[in-house]
Amino acid sequence: MNWNRIRDNISPTRLQINKFNEVWMLVWTLFLVVVPLFIVSGLLWKSSLLLENHTLKEIIFSSEWKPMSGKFGFLPFIMSSLWVTLLSLLIAAPICLFSAIHLTQYANRYVLRFMQPVIDILAGIPSVIYGVWGIIAVVPFVAEKIAPMFGVQTTGYNILSASIVLAVMVIPFILNILIDIINTIPKELTEASLSLGAGKWYTIKHVILRKALPGIISAMGLGLSRSFGETIAVLMVVGNVAAIPSGIFQPGYPLPALIANNYGEMMSIPQYDSALMFSALLLMIIVLFFNIGSRFLIMSYEKRFK
Amino acid sequence: MENQTKIKVESLNLSIGNKVILNDINISIPKNKITVILGPSGCGKSTLMKSMNRLTDLYPEMKVSGNIFIDDEDILHTKNDVTEIRKRMGLLSQRPYPLPMSIYKNVAYGLKISGRVNKQLLNKRVEHYLQQASLWNEVKDRLKDPASSLSIGQQQRLCLARGLAVDPDIILADEPTSALDPISSQEIEKKFLELKGNYTIILVTHILRQAARIADYVVFMYLGEVIEQGPAKEFFSNPQTEITKAYLRGSIN
Amino acid sequence: MKKDSNKKTSFKKQRLKYEEYFFRGVMLLSSCLIAFILGLIIYSILVKGVPSLSWEMITQTPKGGFYFGKEGGILNAIIGSIYLAFGATFIAFIIGLPISLYMNVWLSHKEKWVNMLRFILDLLWGIPSIVYGAFGFTIMILLGIKASLLAGIIVTALLILPIMIRAIDEGLKTVPKGLKESSYSLGSTKSELAFKIMLRQCIPGIVTAVLLSFGRAIGDAAAVLFTTGFTDNIPTALNQPTATLPLAIFFQLSSPIPEVKERAYAAAVILTSIILIISVLSRVLTQKYNKHTIKF
């Protein structure tokens, strides 16, 4: 009797609330899936004007950038982006790898307690602050110290400065992934190697790094895609000259900088507008490509531990 | 011969922070016999074994005191290289952890560290130890395959071969059959019985029947302490303490 | 023969030992370098910015001739940034919290779906903010919306949404199965489990997520570059344009006038301080709330 009352009076509303919650939450979750599709199709639609008038080959492999006379060659921007990101990875990768081994294998907990906030703060510093730091510290350093060593004269606003700033920005990002990757390696594997008479260093070299290799590669891939899309900090120190860079002391003009510098001012020329949206699309495709590839590698790597 | 002692543990204490894991352990393990360390899970069996080849060094939070003598050398306070001590003991863990390399290289791993790099000799040794672990016939055509492609039972035997290859005189086995199917487990047990003529084998287990099947000597542990130790026959037929009796009846687990 | 191999062994060991010493040095150096760089960044920003920091800077909006080095401050940008970051974090939280609860309660036994959603979120997080900004701007033009605080909030909210969800998700993931099961066995519905139990268990995770997102929102420049516009006034309504700190720094730094540049450095000090405060706050709060979580 009593029980029935509880069931009759309370249960239906509770169940209705539950059902209601389920529905709207599902809708919001679906919204999440739609967003990237929406962005890609929007960008594709906007860049169709450019693609109608030019062949893809012409756009990507031509280096003639004269928007006013309808010439849109993206090669200088693509090459600048490649230079900057690859060089920054070249700087960041060894530092991250060595530090990750140090923090996971050798460091005691006091060092860890000190380094964790350091990494977190580095990861949290806004892009524009890195740009300011680049202008204050890196640009003069490159112009006055590094370039003279190679007998080069430069303003300091060049590929190398941008790469150094970018390297510092991706270090916390890559380092965090690497630490996670190395920590998923079971400790028993180290124990097995040690009990076969191997020293710690031998174990790290032949067992841990080997086991972590796919993870290390994908961490670098994710770092690459992160630095590829970085805008403001790079824009502030890279020099912004639309020509294919011929060396690390040359200025460059990466894709994100192109969008940031020109968007909003080119509305009068539809083709120009379309070209910039195409560069956003290009940027997104390249970034997604590296991202998906690296994440698949990580996922297949994690599966092997189950 | 009957009473020759291989490993002698004297007043060994081990703690993590305030938590005592091992409390005043005193045991002696006879040479070329199978000694089973028996006890419910979480009683410190595995930790005791890890301190015997100083894998406890890996965990800086563990505080160890006391002595462990192996052939009269106090390995906790020795000046000799730790890797030399570890090489004298082969380790089999609960699950097989093959090294991330080929089957061949897994066995050759320890040999290469020892500096034996003569290719032909190496081939012969690898074959020899794979045969000792009765794995040779199953893998001789695919030595270059990654070790992870083997079945879990085969992997455990590979780990055995890998351990034997560094020419130890002690085998430490930490519940080596707990992840295996009954048939693979049987094979491992059979292997141990074959090997005990040349090796001092220490087997950690919580499976009573396994202990009864293969033990020559039993150490019974409970909550970080050694409750009872003695030859297997006496231990099973005439247990001395109440806790042991209760455990053998199956009321503690 | 035996002796020979022993010699070889010890030689190899010796070499490995020196190799290890060398690499340990390199590793230690790498970690030190990372800490050193952080110190260097903070040091150079402070040295350049603090001298030109003044009370006027943070209490006044730009006056006439501000951009030629005359008086005024950047209060407009500070307030604008705070409005923007609060708005964006709020929206991202309102959308993100239900999604992460949905993933961990309703989809908890459909691992494939959850993993796919996490994959999509990670991809969304990887999209550069300049793409969000440019795309958002295009949509605004299409719909005839002017650059405004609201537009900036929406674009920034989209930008930080993946971080918000993934961070809350990391917290919800750690809720033990036993707690869920015992809640079900007491007769609670899924919504009750989600909003009454899971939510309370995950307060530290949620606090971290909110602060992390807030920090990202206040610091991002590329997404708001076209969407918020820029003005010297403090916005009083959502449809007005607004200045933000990162953009104030960016624009003032590109000025040729030294006084204006110096203000950019001072503004950088302010932004850096905000980020550092958030970071410290999130550490303190996580530790404080962690005390009240049931641990297993």
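# Salt bridges and interfaces, step by step

Student: In this predicted model, is B:Lys191 buried or exposed?

Tutor: Look at the relative accessible area of B:Lys191, which is 7%. The cut-off for buried is under 20%. Since 7% falls under that cut-off, B:Lys191 counts as buried.

Student: Which residue forms a salt bridge with B:Lys191?

Tutor: Side chains of opposite charge can pair when their charged atoms come close. For B:Lys191, the closest N and O atoms of the pair are 2.9 Å apart. The partner is B:Glu194.

Student: Which helix holds both B:Lys191 and B:Glu194?

Tutor: The two are 3 residues apart, about one turn of the helix. Both lie within residues 182–195 of chain B. That run is helix α7.

Student: How many salt bridges does the rule count over all chains?

Tutor: The pair of B:Lys191 and B:Glu194 is a salt bridge by this rule. Over all chains, the count comes to 27.

Student: Staying in chain B, is B:Ser102 buried or exposed?

Tutor: B:Ser102 sits in the loop between β6 (89–92) and α3 (103–113) of chain B. Its relative accessible area is 13%. Buried means under 20%. Therefore B:Ser102 is buried.

Student: Now chain C. Which residue of chain C forms a salt bridge with C:Asp122 at 3.0 Å?

Tutor: C:Asp122 lies in helix α4 (residues 111–126) of chain C, and its partner lies in helix α6 (residues 149–173), so the pair ties together parts that are 44 residues apart in sequence. The partner is C:Arg166.

Student: Is C:Glu170, another partner of C:Arg166, buried, partly exposed or exposed?

Tutor: C:Arg166 and C:Glu170 form a salt bridge, with their closest N and O atoms 3.2 Å apart. They are 4 residues apart in helix α6 of chain C, about one helical turn. C:Arg166 is buried at 17%. C:Glu170 has a relative accessible area of 39%, which makes it partly exposed.

Student: Which residue of chain A forms a salt bridge with C:Asp122?

Tutor: C:Asp122 belongs to a network of salt bridges that includes C:Arg118, C:Arg166, C:Asp169, C:Glu170 and C:Lys173. The network also has a member from chain A. In its bridge with C:Asp122, the closest N and O atoms are 3.6 Å apart. That member is A:Arg295.

Student: How much area do chain C and chain A bury between them?

Tutor: The contact takes 76 residues of chain C and 81 residues of chain A. Of the buried area, 81% is on carbon and sulfur atoms. The total is about 7000 Å².

Student: Which three residues supply more than any other three to the area that chain C buries against chain A?

Tutor: Together the three supply 10% of the area on that side. They are C:Met27, C:Ile34 and C:Phe135.

Student: Which helix gives the most residues to the side of chain C that touches chain A?

Tutor: Between chain C and chain A the rule finds 3 salt bridges. The count of residue pairs in polar contact is 9. The helix asked for gives 20 residues and spans residues 2–49 of chain C. It is helix α1.

Student: How many nonpolar residues are on that side of chain C?

Tutor: Sort the residues that touch chain A by class. There are 12 polar and 9 charged. The nonpolar ones number 55.

Student: How much area do domain 1 and domain 2 of chain C bury between them?

Tutor: Domain 1 covers 2–52 and domain 2 covers 58–290. Their centres are 37 Å apart, taken over C-alpha atoms. The contact takes 7 residues from each domain. The two bury about 560 Å².

Student: Which residues of domain 1 lose the most area to domain 2 of chain C?

Tutor: Three residues together make up 62% of what the side of domain 1 buries. They are C:Ile45, C:Lys48 and C:Ser52.

Student: How many salt bridges cross the interface of these two domains of chain C?

Tutor: The rule finds 1 residue pair in polar contact there. For salt bridges, the count is 0.

Conventions:
Residues numbered from 1 in each chain as written. Chains lettered and ligands numbered in written order. Predicted model: local features only at pLDDT ≥ 70, side-chain atom pairs only at ≥ 80, totals over all residues. Heavy atoms only, no water. Domains from an automatic or database assignment. Contact = heavy atoms within 4.5 Å. Buried area = accessible area lost by both parts, 1.4 Å probe. Salt bridge = Lys/Arg side-chain N within 4 Å of Asp/Glu carboxyl O. Polar contact = N/O pair within 3.5 Å; in protein donor to acceptor, adjacent residues only side chain to side chain. Nonpolar A, V, L, I, M, F, W, Y, C, P; charged D, E, K, R; others polar. Buried < 20%, exposed > 50% of the residue type's maximum accessible area, 1.4 Å probe, protein only.
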